[in-house]
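This briefing walks through one protein structure topic by topic. Please keep the sequence and the 3D view open while reading.

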Amino acid sequence: MSEIYHVLRSSQFDRKFLDELYDITNTLRKISQSKKGTDYLRSLMSDRRAMLYFTQPSTRTFLSFLNACQILGIQCSEIRDSSTSSEIKGETQEDALRTFSSYVDMIIMRSPVAGLADRVAELLDDTPRRVPVINGGSGKDEHPTQALLDVYTLRRSFGKTGGDLDGKKIAMVGDIKRGRTVRSLSRLLRHFKDVHIYFVSPESLKIEDDLKKYLIENGMNFTETTNFEEVIPEVDAIYMTRIQDEHDESGESKAIDYSKYYFTCDHLKILKKDALIMHPLPRRKEIDFHVDADPRAKYWRQERNGMWTRVALIAKIFGADKDITEPYGA
Amino acid sequence: MSEIYHVLRSSQFDRKFLDELYDITNTLRKISQSKKGTDYLRSLMSDRRAMLYFTQPSTRTFLSFLNACQILGIQCSEIRDSSTSSEIKGETQEDALRTFSSYVDMIIMRSPVAGLADRVAELLDDTPRRVPVINGGSGKDEHPTQALLDVYTLRRSFGKTGGDLDGKKIAMVGDIKRGRTVRSLSRLLRHFKDVHIYFVSPESLKIEDDLKKYLIENGMNFTETTNFEEVIPEVDAIYMTRIQDEHDESGESKAIDYSKYYFTCDHLKILKKDALIMHPLPRRKEIDFHVDADPRAKYWRQERNGMWTRVALIAKIFGADKDITEPYGA
Amino acid sequence: MSEIYHVLRSSQFDRKFLDELYDITNTLRKISQSKKGTDYLRSLMSDRRAMLYFTQPSTRTFLSFLNACQILGIQCSEIRDSSTSSEIKGETQEDALRTFSSYVDMIIMRSPVAGLADRVAELLDDTPRRVPVINGGSGKDEHPTQALLDVYTLRRSFGKTGGDLDGKKIAMVGDIKRGRTVRSLSRLLRHFKDVHIYFVSPESLKIEDDLKKYLIENGMNFTETTNFEEVIPEVDAIYMTRIQDEHDESGESKAIDYSKYYFTCDHLKILKKDALIMHPLPRRKEIDFHVDADPRAKYWRQERNGMWTRVALIAKIFGADKDITEPYGA
């Protein structure tokens with residue numbers, strides 16, 4: 001079995017890891033269907049405590065991790081706003097996090113500071129009481145657990161129609177330049193054969209050079225285009241994203257006509273009948289609300305999948321996964 | 001047994017429901033008196049998770065629900081301030097709540113937006129993963145669980161002196177116009193026989209026409225008056241309320257002489273010897289602090305009753321009530 | 001066995017209490033080393049609920065208490081910011097706390113208002129439903145549980161080198177005037193024989209007269225000095241503190257040259273080889289980060305010790321301590 005301690009970036013995950021993780025995820029969802037099973041899961045890590053350190057506001061990722069911990073019986077402490085922290089007394093973030101680590105068995109963190117999760121992991125590795133660190137999104141770059149849940153959603157949904165991710169065509173639409181979900185997911189797709197990615201965006205929000213280089217080096221197939229309508233009938237999955245103008249200091253995002261990159265009810269007619277529509281959420285206007293009722297809309301399941309893959313990930317870090325996948329009489 | 005799913009307004013409750021709910025409440029209070037009993041209650045819903053979505057600040061209602069959930073072993077997530085929510089990213093409240101619902105088994109919500117609880121309940125009813133919604137207070141109008149605990153406190157306190165609510169005289173004092181507890185409680189009292197309500201308030205804060213119409217249509221007896229002292233010796237219960245000037249944009253509340261509607265120590269002398277003094281709290285000056293020590297003062301018990309009726313309500317929603325009322329060897 | 005109910009000030013603790021408390025602490029740490037043991041601890045107070053009322057921001061004390069409660073299976077409610085409280089509706093803090101007490105079995109509180117914990121304890125003592133109050137730091141004066149953990153850290157660290165606190169020389173360095181940890185700890189040290197305290201500070205931040213009087217009346221040995229370097233080679237423990245300029249309205253603290261009261265890597269060379277370096281944290285520049293790796297640096301353990309002594313204290317208040325110290329087959 002592959003082993004993992006800190007979870008810092010999506011490049012840590014190999015194919016074997018993904019296969020194992022998704023097996024655990026599927027198994028624990030089954031177990032959770034009875035009260036007996038749910039109580040069993042809640043007993044698995046009842047001796048553990050976690051710290052959720054979210055100084056970058058993110059209600060949904062926070063809640064997804066919190067509920068994942070609760071499912072395993074892990075008790076949680078939370079920082080959801082750095083202003084309540086004693087950092088106002090002049091302490092460094094590293095000291096604050098080392099203090100918090102002394103109370104718990106794991107730190108799940110999301111910070112506007114790029115690289116903070118790495119620095120904290122490194123710092124704790126040098127102490128007598130090391131605990132695992134999970135990066136729940138840092139700076140503009142990495143959001144590894146989002147990539148995990150996106151790939152899980154793709155595989156699970158394709159799996160039901162008899163296939164897998166291999167050979168699939170996937171459009172990523174919108175703010176390709178700045179969306180960190182696009183960056184993490186694209187990298188993770190290298191573990192599947194013959195995937196073709198269509199990056200669909202306005203000219204000014206195209207894929208960054210470093211990601212392009214990564215894809216080429218890893219022999220991945222991709223196409224860049226500004227024409228969304230042309231791509232829709234071609235692909236097996238459409239991954240919509242939100243324009244990231246909270247990261248935009250200049251305000252130039254406001255000038256872009258984004259409406260050509262919205263998914264409308266009309267698009268449902270030209271979309272393949274078993275294709276998937278995904279979105280990391282929150283959405284603004286990228287997907288018309290009336291699309292929600294279409295069976296191809298998977299974004300609400302994607303949310304819930306996020307919680308379950310995080311349960312599996314945490315169980316795996318602590319070696320509780322074998323209590324899930326080995327025969328269980330529920 | 002009566003069944004209930006969403007809890008949105010006090011008009012949902014009929015007499016049979018109230019009788020059952022208060023039976024559950026009384027039984028679970030007895031069970032909770034031993035550690036074994038408390039641990040048993042905590043095992044009843046240990047497979048459930050709830051979201052407390054309180055974007056209107058209300059510490060006491062929030063804590064009452066939170067502790068009610070804890071008593072049943074339900075694990076909770078909380079939003080206590082809409083600014084921490086990802087709504088700042090431009091998401092609708094409906095999308096946010098649908099996302100949150102995907103992690104949990106129940107939503108308890110309090111919002112300044114009138115009707116939001118109804119809209120969310122309706123929205124979730126149309127999804128494959130429906131969860132119950134409890135309205136913990138919305139807008140200016142409804143606060144159904146407050147009415148439940150008020151009626152419970154009246155019945156339990158009268159019950160001890162050998163009677164029930166039937167035939168009782170109840171004064172509601174203060175801001176009759178805007179207090180939503182007055183509105184919800186008055187409506188719920190229609191399920192009891194020959195109750196007479198005295199609405200005691202300054203002229204400008206009298207009962208609203210819609211409520212008056214409701215009472216008349218339901219054949220209820222009531223009197224409106226501005227004279228508090230005259231009413232005190234007549235009644236079996238006095239329900240004091242706080243002036244709601246946080247809902248007052250014009251500031252005209254400040255001009256009203258409210259002091260004639262304060263309950264003072266002198267009033268204790270003219271109050272019947274087994275009458276009840278209640279208040280939904282928080283109070284300002286409506287009741288003198290020295291009244292607290294009088295055995296007729298029930299407002300602190302009322303708080304605790306609130307927690308217990310909410311435990312019973314949640315148990316009932318999920319069908320866990322029969323595990324409480326059926327023989328249990330604690 | 002000594003008994004305790006409210007925990008309000010360090011003068012409540014006698015030597016017998018300290019000895020018992022530290023026995024419990026050591027035993028429960030051993031128990032917690034297996035999952036079976038940890039689950040056992042979590043079952044001890046699973047029927048209890050606590051309120052953490054922290055209207056003075058203090059992340060680390062808050063988290064220390066929260067995790068202590070979690071270790072014993074106590075479910076917690078929290079107020080971390082008075083602005084979310086319904087105090088904004090004009091309620092007194094006493095009413096708010098009495099309300100909160102009605103939901104829980106214990107209140108742990110930290111407030112900028114000196115004496116509030118005492119007033120709340122007294123208020124609750126007069127009600128039919130009394131619950132214990134733990135002072136987690138109030139105003140400028142008392143922080144009794146910090147003193148408990150500091151003495152525990154001293155004894156445990158000295159114990160490993162075959163001694164105890166008796167006869168030891170301890171330097172307290174920095175803001176001796178205003179640091180409430182210095183005040184609480186100094187008082188508690190009277191329970192040990194022949195301890196000699198060195199108060200090391202700039203002239204303007206010397207020990208207050210009331211504390212000096214206390215030490216003299218209790219026959220304790222102490223020296224005041226401004227010369228840090230001279231003291232370092234003499235002592236068995238150095239207790240560094242942070243300058244408390246958040247309590248400083250005039251801003252005169254900024255004018256003090258504090259750098260002579262920083263512990264640097266050079267100081268390690270002149271410090272005794274089994275001496276201890278402590279700090280209540282958070283630190284600013286009082287201790288160089290490179291000192292952290294030295295085995296004599298105990299401040300991170302001190303943090304964790306804080307959590308464990310709080311577990312022991314809470315267990316003791318509720319009489320759960322005998323379930324910890326009596327034979328247990330883990």
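**Sheets, core and chain contacts**

In chain B, 4 strands make up an open sheet with the order β2-β1-β3-β4, and their pairing is parallel. The strands β2 (75-79) and β4 (133-138) of chain B stand at the edges with a single partner strand each, so one side of each has no neighbour in the sheet. On average, neighbouring strands of this sheet are turned by 15 degrees against each other, direction ignored. The model is predicted, and local features are described where pLDDT is at least 70.

**The sheet of chain B in detail**

- Strand β3 (residues 106-111) of chain B pairs with β4(B) in the parallel sense, over 4 bridges.
- Within this pairing, B:S111 has B:S138 of β4(B) opposite it.
- Helix α5 (residues 116-125) of chain B packs on the sheet and touches β3 and β4 of chain B.
- The direction of helix α5 of chain B makes about 165 degrees with that of β4(B).

**The sheet of chain C**

- Chain C has an open sheet of 4 strands in the order β2-β1-β3-β4, with parallel pairing.
- Its edge strands are β2 and β4 (133-138) of chain C, each of which pairs on one side only.
- Neighbouring strands here are turned by 15 degrees against each other on average, direction ignored.
- Strand β3 (residues 106-111) of chain C is joined to β4(C) by 4 bridges in the parallel sense.
- One residue of this pairing is C:I107, whose bridge partner in β4(C) is C:V133.
- Helix α5 (residues 116-125) of chain C lies across β3 and β4 of chain C, and runs at about 165 degrees to β4(C).
- A helix from another chain also lies on strands of chain C: helix α3 (residues 59-71) of chain B lies across β1 (49-54) and β2 of chain C.
- This helix α3 of chain B runs at about 170 degrees to β2(C).

**Strands β5 and β6 of chain B**

- Strand β5 (residues 169-173) of chain B and β6(B) run parallel and are joined by 5 bridges.
- In this pair, B:A171 stands opposite B:Y198 of β6(B).
- Is strand β6 (residues 196-200) of chain B mostly covered or mostly uncovered? Strand β6 of chain B is mostly covered, with 4 of its 5 residues buried.

**The nonpolar core**

- In soluble globular proteins, nonpolar side chains tend to be buried together.
- The largest nonpolar core of this model has 275 residues.
- The members that touch the most other members are A:I107, A:I238, B:I107, B:I238, C:I107 and C:I238.
- Which residues does A:I238 touch, not counting those up to four places away in sequence? A:I238 touches A:A171, A:V173, A:I232, A:F263, A:A275, A:I277 and A:M278.

**Where chain C meets chain B**

- In this contact, 19 residues of chain C touch 24 residues of chain B.
- On the side of chain C that touches chain B, β2 (75-79) and α4 (93-101) of chain C each supply at least two residues.
- The largest share of that side, 4 residues, comes from α4(C).
- By class, the side of chain C that touches chain B has 4 nonpolar, 9 polar and 6 charged residues.

**Where chain B meets chain A**

- Here 19 residues of chain B and 24 residues of chain A take part in the contact.
- Both β2 and α4 (93-101) of chain B supply at least two residues of the side of chain B that touches chain A.
- The largest share of this side, 4 residues, is from α4(B).
- The residues on the side of chain B that touches chain A divide into 4 nonpolar, 9 polar and 6 charged.

**How the copies are related**

- Two copies of a chain are related by a rotation about an axis and a shift along it.
- Chain C is superposed on chain B by a rotation of 120 degrees with 0.0 Å of shift along its axis (RMSD 0.0 Å).
- The two copies are therefore related as by a three-fold rotation axis.
- C:Q75 is the residue of chain C that comes closest to the rotation axis, at 5.6 Å (C-alpha).
- Chain B is superposed on chain A by a rotation of 120 degrees, with 0.0 Å of shift along its axis (RMSD 0.0 Å).
- Of the residues of chain B, B:Q75 comes closest to the rotation axis, at 5.7 Å (C-alpha).

Notes
Residues numbered from 1 in each chain as written. Chains lettered and ligands numbered in written order. Predicted model: local features only at pLDDT ≥ 70, side-chain atom pairs only at ≥ 80, totals over all residues. Pairing = 2+ DSSP bridges. Axes fitted to C-alpha atoms, helices over the stretch in contact; angles between N-to-C directions. Contact = placed C-beta atoms within 7 Å. Core = buried A, V, L, I, M, F, W, Y, C linked by C-beta atoms within 7 Å. Buried ≥ 20, exposed ≤ 12 C-beta atoms within 10 Å, placed from the backbone. Nonpolar A, V, L, I, M, F, W, Y, C, P; charged D, E, K, R; others polar. Least-squares fit on C-alpha atoms with pLDDT ≥ 70 in both.
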